Amino acid sequence: MPDLYAWTDGACSGNPGPGGWGVLMRAIDGATVVKEREMSGGEALTTNNRMELMAAIAALETLSRPSAITIVTDSAYVKNGVTEWIAAWKRKGWRTAGGPPVKNVDLWQRLDAARDRHDVTWRWIKGHAGHAENERADELARSGMAPYKAQKAEP
């Protein structure tokens, strides 16, 4: 059975501003890529963190059956949120340790539900550091943002 990986990234022009997300998914058997899928999308007014979350959500929600998957992200916000902070947020009614509501709670709840169906390993890598798959996810995120960025530029 091949190993399943998803490299995810988000992009934003302004924060908030037009944004996009991208996902490169690969099924890898040994050193051979046996299947590859690319996805992207975006929004007219969003934040980088929301787009990072959307990329991970899209990767998990696209899987038609429960799967073991490694999500590789350059977002410490996503990786730390899902592996370290989310359990406490849920216990506290989606509030942070200091008491205010969790930002992007709608997407955190969606990510939590999406990951619940799968066996997910979360890995962080440094962004813009020459990782080919992460660079491709970044290109996809920027392409997902492009139509919204063009709308913003129109008079």
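Helices α2 and α3 pack at an angle of about 95°, with their axes 11 Å apart. This makes α2 roughly perpendicular to α3. The model is predicted. On the α2 side, the contact is made by Tyr 77, Val 78, Gly 81, Val 82, Ile 86, Trp 89 and Lys 90. Trp 108, Leu 111, Asp 112 and Arg 115 make it on the α3 side. By class, the contact of α2 with α3 has seven nonpolar, one polar and three charged residues.

Helix α3 also packs against α1. Helix α1 spans residues 48-61, and α3 spans residues 105-116. Their axes lie 9 Å apart, at an angle of about 25°. Angles under 35 degrees count as roughly parallel, so α1 is roughly parallel to α3. The crossing of α1 past α3 is left-handed. From α1, the residues in contact are Arg 50, Leu 53, Met 54, Ala 56, Ile 57, Leu 60 and Glu 61. They meet Asp 106, Leu 107, Trp 108, Arg 110, Leu 111, Ala 114 and Arg 115 in α3. The contact of α1 with α3 divides into nine nonpolar, no polar and five charged residues.

Trp 108 is listed in the contact with α2 and in the contact with α1. At 0% relative accessibility, Trp 108 counts as buried.

Aromatic pairing was examined next. With ring centres within 6.5 Å as the criterion, the count comes to four aromatic pairs. One of them joins Tyr 5 and Trp 7. Their ring centres are 5.6 Å apart and their planes stand at 20°, so the pair is stacked. Tyr 5 is partly exposed, with a relative accessible area of 21%. Trp 7 is buried, at 9%.

Trp 89 and Trp 108 form an edge-to-face pair. Here the centre-to-centre distance is 5.1 Å, with 70° between the planes. Trp 89 lies in α2, residues 76-91, and Trp 108 lies in α3. The pair therefore ties together parts that are 19 residues apart in sequence. Trp 89 has 10% relative accessibility and counts as buried. Tyr 77, Trp 85, Trp 89 and Trp 108 form one aromatic cluster.

Definitions and conventions
Residues numbered from 1 in each chain as written. Predicted model: local features only at pLDDT ≥ 70, side-chain atom pairs only at ≥ 80, totals over all residues. Heavy atoms only, no water. Axes fitted to C-alpha atoms, helices over the stretch in contact; angles between N-to-C directions. Helix = DSSP H or I, 4+ residues; strand = E, 2+ residues; numbered from the N terminus. Parallel < 35°, antiparallel > 145°, perpendicular 65-115°, else oblique. Left-handed = near helix turned anticlockwise from the far one by under 90°. Contact = heavy atoms within 4.5 Å. Nonpolar A, V, L, I, M, F, W, Y, C, P; charged D, E, K, R; others polar. Phe/Tyr/Trp six-rings, centres within 6.5 Å; stacked < 30°, edge-to-face > 60°. Buried < 20%, exposed > 50% of the residue type's maximum accessible area, 1.4 Å probe, protein only.
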